[in-house]
Amino acid sequence: MKSPIPDYLKAVLDNARSIERGAPASYIETLAQADTSKLAVALAMVDGNLYSVGDDRVEFSMQSISKAFVYAMAIEDRGLPRVLEKIGVEPSGDAFNHLSLERGTNRPVNPMINAGAITAHSLVEGRTAEERTERILRGLSQLAGRPLHVDEAVYEAELRTADRNMAIGYMLKAAGVISCDPRDVVRGYIRQCAITVNVRDLAVMAATLSNGGVHPVTGVAMIPQASVRQVLSVMTTCGMYDAAGDWVSNVGIPAKSGVAGGIIGALPGQVGIATFSPKLDERGNSVRGVAMCEQLSRDMGLHMMDVSQIAGATVRITVATIVPGAAEPDHPNCARAVVIFSLRGAVRFPGSERLSRALVRELGAPDDGDPGSGAHAGCCAVVISLRDVYSLNTVARRILHESIRRLVAEERSVVVVDPTEVLQMETPEAGKAEMARLRVVKTEMEARNSIGGIGCSAVLVQDDW
């Protein structure tokens, strides 16, 4: 069985591909020449599993997406009180390159506009622009899980048109916000923006924020939890420039965009999202990227203010052997293994994704790189127990339906235990070939009887999920 999630992401990609609005950033020569046909989306779960489709290996410069992570580094290096002395946290309502400071304090309004980002760059540990850039490049590489580099062509192109950012730098120096050479700080900031990534990198980086600062793949604590909270808060209110209000209303995920066409979203405790498409709207956000994020949020119920989706879900695998009853002592499933996948709690996208992944791993072909995978490919039946599930949202139900449909299509015997009918799945009509392979029942006894005959029992042999 293959996971249905990549197929769903391809559908999201295809829906966005038809959108023709927007244009690449025209004020930076290299970005103006970007291939606007490129399109990609990636999801990284907080336990490290990654899905990506489209042009997911195409590299592009981080641009303003780097602001979120450099802000976290500034907090780590200087402490939050010191950073708040220098940079505010209020939405500006202005363009990202607006020349303005907060009234009364002379601080940049927030760290997601250029004035605040240049200030954050100056607060990162390092005596020179080179040392600060090296610290940033090293930190971002650790978050991505691979060495990143600066695109020198992008850097040189941005430097040629850096008059406005230089003006912001001098404004910050005149206001006493920064004390070092404005030219060095702006050059370092531009190099920071020219660091290249792909959507897979960004999804993992976003998932690190979603996972409380712990890298989802390595398990290493990369960003202190207090810093993560601060960064996600500012991303929520300021991450999409002067479109932040529309974004929170329509998508509801802390996010940051960049003018090369990337967008990241980090939903705490659940998932990191990344999209890429170079065509931008008038606010500097990727048109197709916004559309993809809107669909993901809508379909998957990811809006952080969705109060109908409370609590979490767990998945557990149990393996049992069928012992036939007196009524059918020679049942063909005698002494054969049954794999039981049990869901518990309020199931949203992450819970259904984990179940789908467990089905693929346990029942698919063995993978040399994943010891234990395919261990139960030859089981006589698959049981999906929803006994302890008290709610399913729309996307979780859809993923479960599709996963069950794929198991049945592989001619596996599937029994769903659904006492409260949360799955809302009908068994096939009488006469259809699938009828013999799928049953939806209300109790474990009915499940056992349908697999091993009347009066059979099951002996536990493995319970390790």
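User: How many residue pairs are in polar contact across the interface of domain 1 and domain 2?
Analyst: Five residue pairs are found by the rule across that interface, both residues of a pair being at pLDDT 80 or more; a polar contact here is a pair of N or O atoms within 3.5 Å, where, within protein, one must be able to donate a hydrogen and the other to accept it, and residues adjacent in sequence count only if both atoms are side-chain atoms. This is a predicted model, in which local features need pLDDT of at least 70 and side-chain atom pairs count only at pLDDT 80 or more, while totals for chains, interfaces and linings use all residues. Residues are numbered from 1 along each chain as its sequence is written, and side-chain values use heavy atoms, with hydrogens and water left out.

User: And where are the domains in the chain?
Analyst: Domain 1 covers 4–300 and domain 2 covers 315–460, with bounds that come from an automatic or database domain assignment. Their centres, taken over C-alpha atoms, are separated by 42 Å. Domain 1 brings 11 residues to the contact and domain 2 brings 14 residues, contact meaning heavy atoms within 4.5 Å.

User: What area is buried between them?
Analyst: About 1200 Å² is buried between domain 1 and domain 2, with carbon and sulfur atoms giving 57% of it; buried area is the accessible area (1.4 Å probe) that two parts lose on being put together, summed over both. On the side of domain 1, P4, Q270 and M300 supply 45% of the area buried against domain 2, more than any other three residues.

User: How many salt bridges are there across that interface?
Analyst: The rule finds two across the interface of domain 1 and domain 2, a salt bridge being a side-chain nitrogen of Lys or Arg within 4 Å of a carboxyl oxygen of Asp or Glu. The elements that give two or more residues to the side of domain 1 touching domain 2 are α1 (5–17), β1 (40–45) and α13 (287–300); helices (H or I, at least four residues) and strands (E, at least two) are DSSP runs numbered from the N terminus.

User: What does R406 form a salt bridge with?
Analyst: R406 pairs with D7, the closest N and O atoms being 2.4 Å apart. D7 and R406 also belong to a network of salt bridges that links them with E402 and R405.

User: Switching to the whole structure, how many salt bridges does a search find?
Analyst: The search finds 25. One of these pairs is R160 with E29, at 3.2 Å from N to O. R160 lies in helix α7 (residues 152–160) and E29 in helix α2 (residues 29–32), so the pair ties together parts that are 131 residues apart in sequence.

User: Is R160 exposed or buried?
Analyst: R160 is exposed at 54% relative accessible area, whereas E29 counts as partly exposed at 45%; buried means under 20% relative accessible area, exposed over 50%, and partly exposed in between (1.4 Å probe, protein chains only).

User: What about R146, which residue does it form a salt bridge with?
Analyst: R146 meets D201, with the closest N and O atoms 2.7 Å apart. Because R146 sits in the loop between α6 (129–144) and α7, and D201 in helix α10 (residues 199–210), the pair ties together parts 55 residues apart in sequence. R146 is partly exposed at 27%, while D201 is buried at 4%.

User: And which side chain meets D388 in a salt bridge?
Analyst: The side chain of R344 does, at 3.5 Å from N to O. D388 is in strand β10 (residues 381–392) and R344 in strand β9 (residues 337–347), so that distant parts of the chain, 44 residues apart, are linked. D388 counts as partly exposed at 28% relative accessibility, and R344 also counts as partly exposed, at 44%.
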